[in-house]
Amino acid sequence: MAELNELSMEDFNVLCARAGIVPTDEEARDLKGMWNRVLPDLTALHAIDLGEADLAISFEPGWDSGSEAS
Amino acid sequence: MSDATDLCYLSIGEAAELLHEGELSPVELTRAFLDRIELLDGPLQAYITVMSDSALSDARKAEAELLRGEYRGPLHGIPIALKDLYDTKGVRTTGSSKVLANRVPTVDATTTARLAEAGTILLGKLAMHEFALGGPDPSNGFPLARNPWNTEYIPGGSSSGSGAATAAGLAMGTLGSCTGGSIRGPASHCSVVGIKATYGRVSRFGVLPLSWTLDHCGPLTWTVEDSALMLQAIAGYDPKDPTSSCAPVPDYSESLVEDISGMTVGVPRHFFFADDESIDKDVLAQVESALETLEELGAVLVDVDVPLLAHAGAAQQTIMLSEAFAYHRNNLVKRPELFGDMVRARFRMGGLYSGADYVQAQRVRKALKNEFASVLQTVDVIASPTMSNPPTRFNGTSTWTTAHVPSFTGPYNLTGMPAISVPCGFTPAGLPVGLQIAGKPFDEPSVFRAAYTYEQSVRLFERRPPGLD
């Protein structure tokens with residue numbers, strides 16, 4: 001993640017394009033500034049050792065087929 | 001105060017008694033509120049839509065029902081208003097965005113319908129930050145609600161109109177919505193009561209989403225009793241909301257007792273009272289005083305540690321903006337010019353996070369829930385300041401302002417715990433400060449009991465914004 005701090009403007013625009021975002025040059029500069037402010041917190045988030053912590057998404061296989069009918 | 005002002009400054013509990021006993025007419029009460037909105041909403045900008053005709057029509061209907069003895073309960077004939085993201089059948093619901101400027105829902109939100117069933121009178125739809133995010137943004141073209149305690153200051157958000165209208169007596173109670181603190185924040189900044197109940201307790205059906213896994217609905221009112229009355233009306237299972245809980249809804253009025261002797265109150269000082277220059281010292285002083293009051297009332301204060309609170313802000317922002325981007329992506333790509341500058345920038349941020357960022361934020365969220373679960377085995381409730389800072393001036397907010405001061409409310413959106421803000425004082429500049437009390441999942445009764453006991457002791461509800469009348 002730390003490398004993202006060093007993104008060039010061109011590379012940042014690729015990141016935007018991947019998301020489908022097409023900012024103006026001025027908007028892109030502002031957005032990059034905001035993104036750079038977020039990155040330290042995001043890097044810290046990834047640095048937390050959560051061990052085997054499971055995301056625990058639950059899945060319930062049963063549903064009311066009547067309400068799901070297309 | 002004029003008689004009309006007296007009416008608008010009644011609590012819901014007081015008005016309900018008068019209405020039930022036939023000493024007050026719903027039509028008279030509704031007219032008083034509509035007149036007051038006409039008088040004061042110009043400078044306060046709390047409303048996007050005022051529904052005068054339908055409100056009077058509903059008031060006449062309520063009056064007839066009351067005269068026939070068809071009493072629906074304590075909200076019968078009570079004038080309320082909704083943040084403009086609650087769907088109202090046949091009435092424009094905009095989310096304060098040009099994207100939805102002409103959107104007219106064909107179905108009521110479940111909460112809208114339940115309040116109507118309880119007999120409330122809907123006065124109108126309230127101002128808010130665009131799509132419940134960001135701050136007051138003149139570029140989006142919708143009203144920017146002002147703080148009734150000082151109109152040069154923001155009322156908080158995103159339920160800005162809900163806080164302003166409740167504090168100024170422009171509605172007896174309002175609904176806000178909360179993804180990171182948008183009920184408790186305006187409640188704190190406007191010196192009113194605001195509660196978000198446990199995730200799943202109140203239906204989100206028909207409420208414009210910001211972030212599905214963090215969004216909560218709840219009331220802002222003048223008193224704790226009034227919040228209990230409104231929550232009672234909207235709480236409970238709704239098959240239209242896949243996250244709605246089947247847990248039975250207790251009678252919240254039973255928790256309105258002035259007794260917290262022996263109640264244990266956890267205080268995570270390492271986070272909420274940290275020696276951090278971004279936390280306002282006047283706010284902390286007021287909340288320290290509130291904690292002393294809780295202790296004098298019989299509560300036992302216990303220092304507790306919740307280490308992952310340090311990362312709650314990053315996890316909350318990552319989840320919220322990622323989910324918001326997923327919801328708004330098509331409009332952001334095809335019609336970006338319809339968003340205000342502030343929200344467009346922040347929503348776009350949501351598109352930059354990776355899948356791994358979102359997953360890690362959710363894992364941290366789960367670990368944070370486990371830490372709180374452990375702490376809540378040793379204490380009944382957790383107390384803190386609601387906000388890390390008092391309201392700012394309008395020119396003091398920017399796209400990123402709210403994201404870069406510590407959020408004291410967001411952690412409870414992550415965990416889904418119930419949390420209330422109750423007024424606890426004012427800074428030397430006269431700006432309101434709120435005390436936040438959070439509890440175990442579905443233990444709204446303990447949260448209400450602590451807040452009610454405190455409120456009845458300090459009686460800040462006797463103080464109204466100056467200079468309005």
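Biologist: Is strand β3 of chain B, residues 121-126, mostly covered or mostly uncovered, and how many of its residues are buried?

Modeller: This is a predicted model, in which local features need pLDDT of at least 70, side-chain atom pairs count only at pLDDT 80 or more, and totals for chains, interfaces and linings use all residues. Residues are numbered from 1 along each chain as its sequence is written, while chains are lettered from A and ligands numbered from 1 in the order in which they are written.

Strand β3(B) is mostly covered, with six of its six residues buried; a residue is buried if 20 or more other C-beta atoms, placed from the backbone, lie within 10 Å of its own. Strands are DSSP runs of E of at least two residues, and helices are runs of H or I of at least four, numbered from the N terminus.

β3(B) pairs with two strands, β1(B) and β2(B), where pairing requires that DSSP finds at least two bridges. With strand β1 (residues 47-50) of chain B, β3(B) runs antiparallel, joined by three bridges; here K125(B) stands opposite T49(B). With strand β2 (residues 79-83) of chain B, the sense is parallel, over five bridges, and L122(B) is the bridge partner of I80(B).

Conventions
A residue is buried if 20 or more other C-beta atoms lie within 10 Å of its own, exposed if 12 or fewer, and partly exposed in between; C-beta atoms are placed from the backbone.
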